[in-house]
Amino acid sequence: MRNIPFSPPDISKAEIDSVVSVLKSGWITTGPKTKIFENNIADFCNTNKAVCLSSQTACAEMTLRILGIGEGDEVIVPAYTYTATASIIRHIGAKPVLIDCQKGSLEMDYDKMEAAVNERTKAIIPVDLAGIMCDYDRIFEVVENKAHLFTPESEMQEIYARPLVVSDGAHSLGASRNGKMAGEVADFTNFSFHAVKNLTTGEGGAVTWREHEDIDSEALYRQYMLFSLHGQTKDTYSKTLGTSWEYDVVDTQYKCNMPDILAALGLAQLERYEKILERRHELIKRYNKAFSDLPVAVLDHAGENHRSSGHLYMVRFLGKGEDYRNTFFRRMAQNGIHCNVHFKPLPLLTAYKQLGYDIKDFPNAYDMFKNELTLPLNTVLSDDDVDYILSTFRRVIAQPY
């Protein structure tokens with residue numbers, strides 16, 4: 001029997017050589033490789049700047065803090081997402097406002113999102129689930145229409161004068177919609193380079209932002225640097241470039257910088273990333289063709305005006321429930337195929353139940369979750385592996401429940 005893991009990292013000799021070169025260099029924490037990686041991520045996303053930190057979660061939380069969002073504020077998020085999207089809102093003392101899915105869709109119900117915007121709303125965090133970009137045109141329409149309700153409470157908020165759009169792009173590096181790349185559409189976009197992501201640094205993330213005429217991107221970059229390294233005005237690498245060790249700590253901030261070891265891994269991954277994306281879309285086409293006659297629903301990963309990052313291949317068993325999905329999961333595992341489920345809606349999790357959220361208030365999110373299964377989709381898969389997954393899937397779906 002085969003053993004097909006869900007999402008192993010695609011590590012080639014190029015990544016190994018890149019990391020080894022850093023290990024031999026004598027400089028392994030944040031330094032020249034991280035700066036190069038930031039520049040290359042910015043170029044890839046068609047943005048002027050990028051900041052690389054220890055995780056997408058760190059990027060997103062530091063962004064909310066830089067925007068001055070905190071106690072008494074509200075931030076809108078979808079109910080159908082991973083906890084990292086909402087937990088950062090709790091970290092800063094604000095309130096997550098959960099929005100149900102559209103019926104039959106993983107995207108937020110934008111009408112309900114619009115109705116939820118009030119005087120306390122400081123940001124909306126849309127989630128590019130599976131690497132498919134959200135309808136940002138609709139989201140920006142909402143925040144512009146509700147700008148009259150917005151009361152700025154920080155210098156950054158005064159500049160935007162409306163709720164901020166802070167994308168959770170954990171899945172969407174390399175996705176595009178209407179001719180624009182993920183990273184250049186939302187006000188701020190936070191990417192993940194976790195071990196299971198398309199592009200990995202083991203752990204890590206990046207934040208990009210749209211240029212704004214009233215924001216000095218260099219100054220904003222320096223602010224992220226302060227937030228990510230204890231509020232210290234000069235990092236260790238910077239000290240080696242000059243003739244003075246002197247530094248200051250201007251605020252009591254956080255520690256979430258990305259070291260050069262991880263950036264070296266990311267640099268090699270980024271060099272191969274277009275081919276990685278191409279392979280993922282090849283696999284998606286094979287899955288789609290094989291399942292076209294089955295009673296399942298799949299996501300739209302590519303079309304005339306959009307192309308996802310191909311991060312997740314999510315299948316829904318039409319007319320089925322949790323027991324059927326869980327049985328299917330077990331049967332695939334018994335055949336050596338390790339699948340996953342994305343995600344438990346937040347109101348199903350203990351932490352959010354304790355905050356008063358009830359899944360009964362999010363029926364569409366539950367309906368999308370109850371019969372969802374995510375199949376292996378990664379560039380370590382061989383064509384033979386894919387054949388085995390497809391034949392096993394068809395065999396299992398034909399079995400009596």
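Select S309 to begin, in the loop between β12 (306-307) and β13 (313-317). Helices (H or I, at least four residues) and strands (E, at least two) are DSSP runs, numbered from the N terminus. This is a predicted model: local features need pLDDT of at least 70, side-chain atom pairs count only at pLDDT 80 or more, and totals for chains, interfaces and linings use all residues. Residues are numbered from 1 along each chain as its sequence is written, and side-chain values use heavy atoms, with hydrogens and water left out.

Is S309 buried or exposed? S309 is buried, because its relative accessibility is 0%. Buried means under 20% relative accessible area, exposed over 50%, and partly exposed in between (1.4 Å probe, protein chains only).

Now show H171. Its backbone oxygen is reached by the side chain of S309 at 2.5 Å.

Next, display the residues that S309 touches (heavy atoms within 4.5 Å). Leaving out residues up to four places away in sequence, they include A130, G131, N198, Y273 and R280.

Move to A130. This residue sits in the loop between β4 (121-124) and α6 (136-145). A130 is buried too, at a relative accessible area of 0%. Check its backbone: phi is near 70°, a positive value in a residue other than glycine.

Go on to A161, in the loop between α7 (155-160) and β5 (164-169). Here phi is positive as well, about 55°, and A161 is not a glycine. A161 counts as partly exposed because its relative accessibility is 38%.

Last stop: F343. Find it in the loop between α12 (322-334) and α13 (350-353). The peptide bond from H342 to F343 is cis, with omega near -15°.

Note on methods. A polar contact is a pair of N or O atoms within 3.5 Å; within protein, one must be able to donate a hydrogen and the other to accept it, and residues adjacent in sequence count only if both atoms are side-chain atoms.
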